[in-house]
Amino acid sequence: ITGFDPYRVRADFPALHQNVNGHPLVWLDNAATTQKPQSVIDATSHFYAHDNSNIHRAAHTLAARSTDLFEGAREKIARFIGAAEPREIVFLRGTTEAINLVANTFGRTRIGNGDEIIVTAIEHHANIVPWQLLAQATGAVLKVVPVNDRGEVILEQFAALLTGRTRLVSVTHVANALGTVVPVEEIIAIAHAHGVPVLVDAAQSAPHVPIDVKALDADFLVLSGHKIFGPTGIGILYGKADLLESLPPWQGGGHMIKDVTFAKTAYQGLPERFEAGTPDIAGAVGLGAAVDYLQQVGLPAIAAYEHALLEYATAGLEEIAGLRLIGTARHKASVLSFVVKDIDPHEVAKFLDRRGIAVRSGHHCAQPALRRFGVEATVRASLAFYNTREDVDALVTALHALPKS
Ligand code: PMP
């Protein structure tokens with residue numbers, strides 16, 4: 001499709017080379033999680049085999065090694081997303097924990113009774129529920145930017161929702177249930193013109209498009225390692241240094257303190273203040289290796305290749321009788337969400353699994369997004385750079401063979 005060679009990168013992913021139910025595995029569940037290159041698996045197992053130690057505060061050699069590896073991973077991720085400094089990167093369990101951290105620090109100190117938080121109609125539950133919990137506790141109000149029938153955020157309506165009470169805009173970059181690429185650059189520019197900070201949920205964009213937090217001028221940005229070919233259980237919160245520095249801690253415990261007495265505790269600066277307890281050290285090391293891998297392949301090349309593959313797949317699906325695509329934004333990434341006639345999406349997914357094709361079925365943790373289109377569940381096939389036209393052909397051929405209802 002382009003100069004990029006998916007067959008070469010496939011060789012780096014051991015999990016892709018297996019038979020499932022008698023067929024070569026076709027992994028089209030990348031929006032849920034991605035497979036891992038050998039370099040990530042090796043980095044994690046090498047850490048446990050040779051360098052394993054808790055980090056910080058120790059005189060011994062393995063502690064120094066594991067601390068260097070952990071902090072080295074932070075530097076890699078800072079470079080990967082264009083952060084000004086590594087201390088702007090907080091290691092957490094993933095996108096969900098990162099949004100909850102912002103809700104419980106920024107939210108608890110800057111958002112009060114009658115203040116407003118704006119999200120879009122196509123958010124993952126992880127970018128809805130933490131704000132609802134905050135709203136319940138504080139009396140704040142959650143406002144929702146509508147989308148059009150293609151699943152595109154209506155920018156004029158967004159601008160109209162901003163008021164003197166708006167304290168935060170929290171938006172997804174790519175919608176996980178529909179694949180819509182949200183124009184976060186414009187959203188940030190509009191919000192900043194009103195003095196309102198913006199959190200970008202990059203969980204679904206980071207595997208597909210280059211991210212530069214400085215160019216975006218994002219105030220917060222969150223992502224999950226497991227969706228960018230890294231381990232599960234590790235992810236990051238990016239925040240502008242002065243903004244993070246102005247926030248109180250959320251979880252309390254070891255690592256995040258300067259000095260503790262029973263009367264009073266003084267907290268560390270960035271990023272330790274937000275990293276209470278022993279983190280997923282091996283996970284961070286693996287995430288560093290994933291970022292190295294992605295930078296080697298190159299996100300611009302990945303984005304161009306996937307764009308063409310998504311168009312090819314869309315054209316293939318449009319040929320299938322009775323198939324309705326949910327989410328037809330002009331600017332999409334990775335995701336093909338659809339229903340077929342009146343066949344239960346779960347039955348479609350089971351049918352595909354018998355042919356070795358892994359797709360997701362259900363509400364994809366985005367019930368309001370799907371209900372906007374009058375459905376409770378879809379089948380979701382989601383692409384990554386290691387998918388090929390053959391993968392898409394296998395999906396399309398299988399869907400043509402669905403039993404007529
Ligand atoms: N936001 C979006 C857009 C997502 O796609 C996901 C994962 N499906 C999340 C948030 C939550 O990520 P995690 O489960 O890794 O915390």
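In the predicted model, Leu-287 counts as buried because 32 C-beta neighbours lie inside 10 Å, and a residue needs 20 or more such neighbours to be classed in this way. Leu-287 is part of helix α10, which covers residues 281–297. When its neighbours within four places in sequence are left aside, Leu-287 is in contact with Ala-73, Ile-77, Gly-225, Gly-230, Pro-231 and Ile-234. Ile-89 is 198 residues away from Leu-287 along the chain, and the C-alpha atoms of these two residues are separated by 13 Å.

The loop between β12 (265–267) and α10 contains Pro-271. The peptide bond that joins Leu-270 to Pro-271 is cis, with omega at about -10°.

Strand β8 consists of residues 198–201, and its side chains point in two directions. Val-198 and Val-200 point one way, whereas Leu-199 and Asp-201 point the other way. In a regular strand, the side chains alternate between the two faces of the sheet. All four of these β8 residues are buried, Asp-201 among them.

Strand β8 is joined to two other strands, β7 and β9. Four bridges link it to β7 (residues 166–172), and β7 and β8 run parallel. In this pairing, Val-171 stands opposite Val-200 of β8. Helix α7 (residues 184–193) belongs with the two strands to a right-handed β-α-β unit, made of β7, α7 and β8. Three bridges join β8 to β9 (residues 220–224), again in a parallel arrangement. Here Leu-199 has Phe-220 of β9 as its bridge partner.

A further parallel pair is formed by strand β5 (residues 116–120) and strand β6 (residues 141–145), which are joined by five bridges. Glu-116 stands opposite Val-141 in β6. Together with helix α5 (residues 129–138), strands β5 and β6 make a right-handed β-α-β unit.

Asn-21 is found in the loop between β1 (19–20) and β2 (23–24). Asn-21 is classed as exposed because 11 other C-beta atoms lie within 10 Å, and the limit for this class is 12 or fewer. Asp-217 lies in the loop between α8 (213–216) and β9. With 16 C-beta neighbours inside 10 Å, Asp-217 counts as partly exposed, so its count falls between the limits for exposed and buried residues.

The surroundings of the ligand were also examined. The ligand is surrounded by 13 residues, of which the closest are Gly-94, Thr-96, His-124, Asn-176 and Ser-224. Sorted by class, this shell holds nine polar residues, three nonpolar residues and one charged residue. Ser-224 is one of the closest residues to the ligand, and residue 224 belongs to strand β9.

An unreviewed UniProt entry lists residues 26–395 as "domain: Aminotransferase class V". In the model, this span is 39% helix and 17% strand.

Conventions. Residues are numbered from 1 along each chain as its sequence is written. This is a predicted model: local features need pLDDT of at least 70, side-chain atom pairs count only at pLDDT 80 or more; totals for chains, interfaces and linings use all residues. A residue is near a molecule or strand if its C-beta atom, placed from the backbone, lies within 6 Å of it. Ala, Val, Leu, Ile, Met, Phe, Trp, Tyr, Cys and Pro count as nonpolar, Asp, Glu, Lys and Arg as charged, and the others, Gly among them, as polar. UniProt positions are given in the numbering used here, feature names are shortened, and annotations may be inferred rather than shown by experiment. Two residues are in contact if their C-beta atoms, placed from the backbone, lie within 7 Å. Two strands pair if DSSP finds at least two bridges between them. A crossover is right-handed if, with the strands pointing away from the viewer, the path from the first strand over the helix to the second runs clockwise.
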